[in-house]
Amino acid sequence: MLRGGLAVTAAVLWLGCGGGTTAPASEVAYDFSFADPAGDTTAATANPGAVPAADLLVVSGTVDRDQVTIHLEFGSAVSRWSDAAPDALDGFIDFDLDQNGGTGTQVRDLGVDAFVDLRDNGSGLVAFVNRSTGKISLLPGRWDGTTFEVKVPRAELFFGADNDNKFSLLVETGGRGRRPDGDDAPNTGHFRVQPPAVPAVP
Amino acid sequence: MRALAAALLLCALIGRPAAGQRPDSTRADSLRADSTRADTAATDYSALFLKTYEEGRTRVPVFPRLGRPALLPALSRLVFDRDSIEWHNAETVSDLLSKVPGVFVWRGGWIGRPEPINYQGRTTASADFLVDGMPLRALGPDSLGLDPSLLPLSFFDRVEVERLPGQLRVHLFSRRHDRLPPRTRVGVASGDLQIARYLGSLEKRSAGGFGYVVAGEYLASPLRTGDQGAFHNTQTWLQASYVPAGPVQAMVQLFRGGPRREPVLTTGADGSITSASDTLIQGLAGKRSDFMATVVYQRNRDGTGLRAALLAGASSWREDSTALALSSPDRHVRYLDQSVTQLGGTLSARSRTSSFEGQVWYRTRWTPMEVRASAASTPFGALAAGIEAVYQRHDGGRTSRWLTGRAGLVLPFGIRATALVRTGSWVATPARYDAEAVASTDLGALAAIGGARASAEVGYWRTGGFRPEAYATYRTIDTVGASGPTKWLTVSARLAPKQWLVLDGWYSNPVGVKPEGQAPTHSIVNATIQSKFLPTFRSGIFVLKLQGSMETWGTGVLGRDRVGAAVPLKGATFFRAQIQFKIGDFVAYYDRVNLQASRLGYLPDLPLLRLASTFGVRWEFSN
């Protein structure tokens, strides 16, 4: 009886809170994109399988009320890590959600609060890891020719007090056994993803 | 408890009328009150005992043991049957494998801690395990190497270890009940830190050929408050078989285990865990299941003639807490939920002096195809020789192919000599996608002399260069350094100057450069007194065994930490004692390790519990 009551109470509270899976209605959807120079892959110091480095050309995406889409475009075809092929994609998409280099795992000038591990689980799912909560969520990735795409639910990205619709982004990609990573975007620092500035009302 | 006592008292009162309420003893129909009731009189326990005894003398056919080579030269195989397993002071399969010269167990402490084995520097590739002919794959947090301590030793009644240079092939055979009366086995053990082990099994066969097994084993090492690494594991085994007098036999069985081990972290000077604590032993929480189905066609019961078998297996590991977990500092996620399905077919022919076997396997991952072909012959009693060819195709277009050759001679005066060679190129850890095939030629030569009272064996081995994998469970040992070609010397001996006194042991040492991960100058020596007290117990039903063991090794290097610094292995010596007595099929034992209360361990920062003891009983009987 007590358990049933608690369950009902929890369900009512959850419904009342709306689940928190979407952004505030005031925040608008927006796209972002930044390019990475062609032919800027790093020279390998360790590459036992002579794996060619995938040249990352464009990082783009969309931030909307339900999810954040990250789209990577390469100079050559990429495949799943679990395919064990020479062009299998490796690496991370790093998110600094609070744009504070002092919190999270230090990567360059970012304090990485969450990341997508580009190695898939053998079924086309990649892991989204929230370093703060330790939660790991499996998300479907899409490898299509020279592109890779993943959609991260907003509930995974913006949580708690951090709900400002902004984050910093760094993409590190590599190949199987190849060290160091083949290509990063941007090459230095990070990219700041934020809504476009609202034009001043005359 | 009080409520139970009250209830029992109430039942007793209800069931027994008070004296004043008793009916007249001179009832008209006094027959109904006769204490010698008809059904009681019909139970003739003597007849029942004699019937069971006679049935127990009759053997019924059992399912054949698959997977092991039919003919092998002397010295190339070690066999532990049920009596040997019971008689050794082995708590786990790892313990049992430590009887093989050259095996160094990476013990994370005492019972309940990981016990992966290292044989001749091959770490996770040291051994292949097969259960009733079905290869057992490492799954879960460490998909490169299987921890033998997680295997339920009480479910097996025979373990055969093929010795090859740089590799062991361990055949585990589940219990075979060959009598009609049901066989029951129960065991209870306890010890320091409130450890508990319970085991029980019921095996039944019918005259029509049907049989079943239900068995369980529970081990818990709860530890004291504040200690780390508490462990418990419940393992079950269900088997159904059909072994009629005809040539077609079938067996299905399911092994399930649910190990749960808390992680072990480094502590500060005051023994506390801080945010800077490092993980010494990775935690473990999941369920492993192994389903096997086998159909065999075999006309001759003695193993000769043609035999064909179809095997199907499905193994899986399911993580309890989450489907995946964060791994090493490279930030990558390891996907721990794993499963593999295997389908195999074997065809073999065996005569008194020769054998042939072909195997084909399909697997859903890592090694999708495997083909094995072997032939062996013993043209005359003194000579035995055999060859095996293996081809494997792995994920990622990788392949392994190698030849194994064995030849042995049995000479007068108890002299035996055997040569072993394994040559080719193979992927040692197919589960690692970046592991490539490496060409190697491994050699071994064994010579032995003696018989039951005194025997000695010398082995000289040469293993090729190897890049071993570290054990994933030990997080502070990040890598184990590559080794070049290595020569190994192993010596074992057994001396029984009196029937009641046995001295035995082995010694192993790499000659020249010492590979990382393997203890140098490693030896285990046992002194055993066993007596049947025949003047008192003339039937021979009673056996007493007192055994003292010493294990020692020299200083070496276990591996490398995250920054590449050597992790030293301190030289250590441990003493162990066991007292065991046996009355028929009842066994009671007391086992104590680390008798000299050493603060050292097999691995740094993971000391062996001082003066740790276990005691227990096992009883096996026919119902």
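**Exercise 1.** Work out what share of the contacts in chain B between residues at least 6 apart in sequence join residues at least 24 apart.

*Solution.* Bear in mind that we're working with a predicted model. Take the chain B contacts between residues at least 6 apart in sequence; 58% of them join residues at least 24 apart. For the secondary structure behind that, count five helices and 38 strands in chain B.

**Exercise 2.** Check how the radius of gyration of chain B sits against the value for a compact globule.

*Solution.* Start with the length: for 623 residues, a compact globule would come out near 25 Å. Chain B has 27 Å, so the two agree. Next, grab the extents: the C-alpha trace of chain B spans about 100 × 70 × 55 Å along its principal axes. Finally, look at burial: 39% of the 623 residues in chain B are buried.

**Exercise 3.** Decide whether A:Val152 is buried or exposed, and find what it touches.

*Solution.* First place the residue: A:Val152 is in strand β10 of chain A, residues 147–153. Now count neighbours: 21 other C-beta atoms lie within 10 Å, and the cut-off for buried is 20 or more, so A:Val152 is buried. Leaving out residues up to four places away in sequence, A:Val152 touches A:Gln67, A:Val68, A:Phe128, A:Leu139 and A:Leu157.

**Exercise 4.** Describe the contact between chains A and B.

*Solution.* Chain A puts in twelve residues and chain B eleven residues. On the chain A side, β7 (114–120) and β8 (125–130) are the elements giving two or more residues. Sorted by class, that side has five nonpolar, four polar and three charged residues.

Note on methods
Residues numbered from 1 in each chain as written. Chains lettered and ligands numbered in written order. Predicted model: local features only at pLDDT ≥ 70, side-chain atom pairs only at ≥ 80, totals over all residues. Contact = placed C-beta atoms within 7 Å. Helix = DSSP H or I, 4+ residues; strand = E, 2+ residues; numbered from the N terminus. Nonpolar A, V, L, I, M, F, W, Y, C, P; charged D, E, K, R; others polar. Rg over C-alpha atoms; globule rule 2.2 N^0.38 Å. Buried ≥ 20, exposed ≤ 12 C-beta atoms within 10 Å, placed from the backbone.
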